[in-house]
Amino acid sequence: MATFNLKINGKTRAVDVDPATPMLWVLRDHLDLPGTKYGCGIAQCGACTIHLEGNAVRSCQLPVSAVGKASVTTIEGLSQKADHPVQKAWLEHDVAQCGYCQTGQIMTAAALLKRTPNPTDEEIEAQMSGNICRCGTYLRIKEAIKSAAKK
Amino acid sequence: MNNDKNALDRRSFLKASLLSGGGMMLTVSFLSSFKSADKAEALNLPDQWAQLNGYIQITADNKIKLICPNPEFGQNVMTSLPMIVAEELDVDWKNVTVEMGPHDNAKLGAQFTGGSNSVRSYWKPLREAGAAARQMLREAAAQTWNVPASEVATKAGVLSHSSGKTAKYGEMAAKAATLPVPKDLILKSPKDFTIVRKSKKNVEGQKVVTGKPLFGLDYRTEGMLIAMIQHPPAFGMKLKSFDAADALKMPGIKDVFNLKMYPEGFEQAGFDTRTFNDLLVVVGKSTWEVMNARKKLVAQWEPAGDVKDVVGGRGGKREVVVPGALESSQSQMEQMVEYAKKPAQELRKDGDPETAFKNAAQVIERTYTAPFLAHNCMEPMNFFAHVTDEKALLVGPLQAPGWVEPTLSKLLNLPPEKIEIQMTRMGGGFGRRAYSHYLSEAALISRKVKAPVKLMYTREDDMTYGIYRPMYTATYRAALDADKKLIAFHVKGGGVPEHPIHPNRFPAGAVDNYLAEGWQIPSNVTIGAFRAPRSNFNAAAEQSFLDEVAEAMGKDPIEFRLDLLKRAKENPVGKNNDYDPDRYAGVLELVRDKSGWGKPGSEKYSRGVAAYFCHASYAAHIVDMVTRDGQPYVERVFSAMDCGIVINPDAATNMVQGAVVDGIGNAFYGALTHKDGAAQQTNFNNYRIIRHNEAPKIIEVHFVQNDKDPTGLGEPPFPPVFGAVANALYKNKGRRFYNQPFKPELDKAI
């Protein structure tokens, strides 16, 4: 066990855990931030996507010991009032069915738009294909990203 | 097999009569079991909610809370079911909040999410609930104002009288809650709907996009422990011995033990299916610690041999022998080929198919296969349980709380009233969460460790546990006479461990000589309902076969189907045909017209069509395929649905689009195979799920407009996708594909 002082959603949070613990479980089990989802545990589905210094990463493969001073953003910290353009676009297009994968989709999409403010369809497809939606809402995800890009 | 076209009508409890004013009067029996809240209860409800019936609560300051009876797994019932209540209650949707109901079958009905049955089965009861409450509010206003109730009008949550008196519902709610439930109700005519048929946003959308703890895995309580199970590594294996010493030494670990699921001779109800009875359980403080401790478990497994299960249910109590062999997909496939040659059970016969086939000028015979499929809900199986000697609290994702409660009562030796089941939002269901063994496991684990516990399956646990879509095959034969007329049709289907045949489905009823047969092979691989059970294979095979028959007859595939449906309507063959030929033809015509089928403009596409009827709704798709990077790719899809009145059009469109994507994905990639009993796919690195870049760019969804009572939509659009993909693939590759999934077959060809 070791203590880590993590910068999460603009606040410093201390946890005392096994250094190998993936951030996914640090967030869910120790910091009461359940918006980051478990889907596969092997970085194949994207449900656990968070931002590390603004880049989308799979938190199931990120040991807490590797985070250091990097700033972490989870879905809970993406906006104060569900008013990030991507969240608003998700609501506008009523994207979700079961909704389980959508926080991961939103985090991947938000990172994409930060780097590429006006992505082409091909860029969206390339970036979003690491996130599985078992309900098959991919068309709406694409439309929502395009809407968010305009704002 | 179910002949469910009229199932609801037969069970109907309503006597309906049309009123001259266009409304409909109903004599209620569903609501007669409700008691209006007595006076004290009405006035002392927490937060001053006046409860008018199980579905409706109103505060004095006019907040309307509607209760969703059925658990939500993405089909949007938490929005669509309350919309039905709100319509008849006549309130402003903006003032409505929605809450998932408690498990209370007496008050809230069957509470089963599945079988595309939520909207279909709750349409009338929820309209009645809304209408009854509205009438009670009018009566309360009438008594307060001393005017006849018939003179009290409502609009968007406001009561009014020609004298100028008005009151918000909230002002009359407490009084209304003490009035008797009316016996006769007037329901709106569809033309007067102001909420139903108008798209409403998902009531939980905001919570979804902000990551609120909606799902079972998100539920926690103080002092809650995490449990995981280690199940045998293969179907047909059981635990021989284990050594927990090293696992117990791991940090955070509280207990490691062997759990027997059902005691010897336990009578299992229909959905008590469990794959393994003998589990190893690891309980600890956190998920990561339990995951690590599992790696230190030392366990020996051995062949279980034949296992006797006692199964209850509709057929009465009987003993079932589950064979002990360690099965492989290869050997199962060979077994299916052998079984297909043997005589099978006759399920339906019209005319004289034997003679017709003997005299045929041409016989077309094709065999189709499909593998086991794992549901792969994005949220793996999990449940919270806190069981003591006195009571049990269970919280998590499941489709049918009413089915597992009697099982829990027996397993825990607690009366049902001491068992509370709370339903969370489900991260997908697809039928999988109707089998609630994981809930029973959680309860038994909590009782053993005397603590609140969250049982969690890893993705690997979830995928390799079983309860799959069965493995199927079917051989179809068509007899043509010298004029290339279809004179006989024969389907013989089988599977591991059940056959897929619905003997009364199309084209039964449209062909003079018809034979349907089925056979099955017992197996220890457990199976369960998977989005449109059986139909999801039949539509693939039959719709692909009909395409081939149409081609042999020199007919357009849509015209061919319409001709058959015309026959089924005008001069049906046999009895119990379970589809309505007009509605079936309706979706084909709609998709034909919307897609420009047979017209110039779509030359770049390989087009495939398919249609199917199941779960009381009708679906047709046209799939437009191109070659992209050397691979067939479905770029565009047109869909037509007839599910009667569409409650929430935009959400319904979303669900059909999702079903299309799901169907394309499973047609190309879906497969769960075994070697020596062990599942060969364990996670998303080797079980391929359709991804964003593989989904069509356009899925255009059209609904037949009519005023028929609504039927389900979760399953019906799914099955015909497979057939349409197969038929487009034929146009694209110039040869037919008979074995799912198609991708390995395509790769073989290259």
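Strands β1 (residues 2–8) and β2 (residues 11–17) of chain A pair in the antiparallel sense over 7 bridges, where pairing asks for at least two DSSP bridges between two strands. This is a predicted model, in which local features need pLDDT of at least 70, side-chain atom pairs count only at pLDDT 80 or more, and totals for chains, interfaces and linings use all residues. Residues are numbered from 1 along each chain as its sequence is written, with chains lettered from A and ligands numbered from 1 in the order in which they are written.

- β1(A) and β2(A) make a hairpin with 2 residues between them, and A:N9 in the turn has a positive phi of about 50°.
- Within that pair, A:N5 has A:A14 of β2(A) as its bridge partner.
- β1(A) also runs parallel to strand β5 (residues 71–73) of chain A, joined to it by 2 bridges; here A:I8 is partnered with A:V72.

**Chain A as a whole**

- Chain A has 5 helices and 5 strands, taken as DSSP runs numbered from the N terminus (helices are H or I with at least four residues, strands are E with at least two).
- From the N terminus on, the order is β-β-α-β-β-β-α-α-α-α.
- The radius of gyration of chain A is 15 Å, close to the 15 Å that the globule rule gives for 151 residues, so chain A is as compact as a globular protein of that length. The radius is taken over C-alpha atoms, and the rule is 2.2 Å times the number of residues to the power 0.38.
- The C-alpha trace of chain A spans about 45 × 25 × 25 Å along its principal axes.
- Buried residues account for 58% of the 151 in chain A; buried means 20 or more other C-beta atoms within 10 Å of the residue's own, with C-beta atoms placed from the backbone.
- Of the chain A contacts between residues at least 6 apart in sequence, 61% join residues at least 24 apart. A contact means C-beta atoms, placed from the backbone, within 7 Å.

**Where chain A meets chain B**

- The contact takes 44 residues from chain A and 47 residues from chain B.
- On the chain A side, α1, α2, α3, α4 and α5 each supply at least two residues, and α5(A) gives the most, with 4 residues.

**A mixed sheet in chain B**

- 5 strands of chain B form an open sheet with mixed pairing, in the order β19-β27-β26-β25-β20.
- β19 (345–350) and β20 (362–370) of chain B stand at the edges with a single partner strand each, so one side of each is left without a neighbour in the sheet.
- Strands β26 (residues 486–496) and β27 (residues 513–520) of chain B pair in the parallel sense over 8 bridges, and B:F489 has B:Y514 of β27(B) as its bridge partner.
- Helix α10 (residues 329–341) of chain B lies across β25, β26 and β27 of chain B, at about 140° to β26(B). Such angles run from 0 to 180 degrees between N-to-C directions, with axes fitted to C-alpha atoms, for helices over the stretch in contact.

**Nonpolar core**

- The largest nonpolar core has 265 residues, and those with the most contacts inside it are B:A442, B:A443, B:V587 and B:V725. Such a core is a set of buried Ala, Val, Leu, Ile, Met, Phe, Trp, Tyr and Cys residues joined through C-beta atoms within 7 Å.
- Helix α5 (residues 118–145) of chain B gives the most to this core, with 12 residues.

Note on methods
A residue is buried if 20 or more other C-beta atoms lie within 10 Å of its own, exposed if 12 or fewer, and partly exposed in between; C-beta atoms are placed from the backbone. Two residues are in contact if their C-beta atoms, placed from the backbone, lie within 7 Å.
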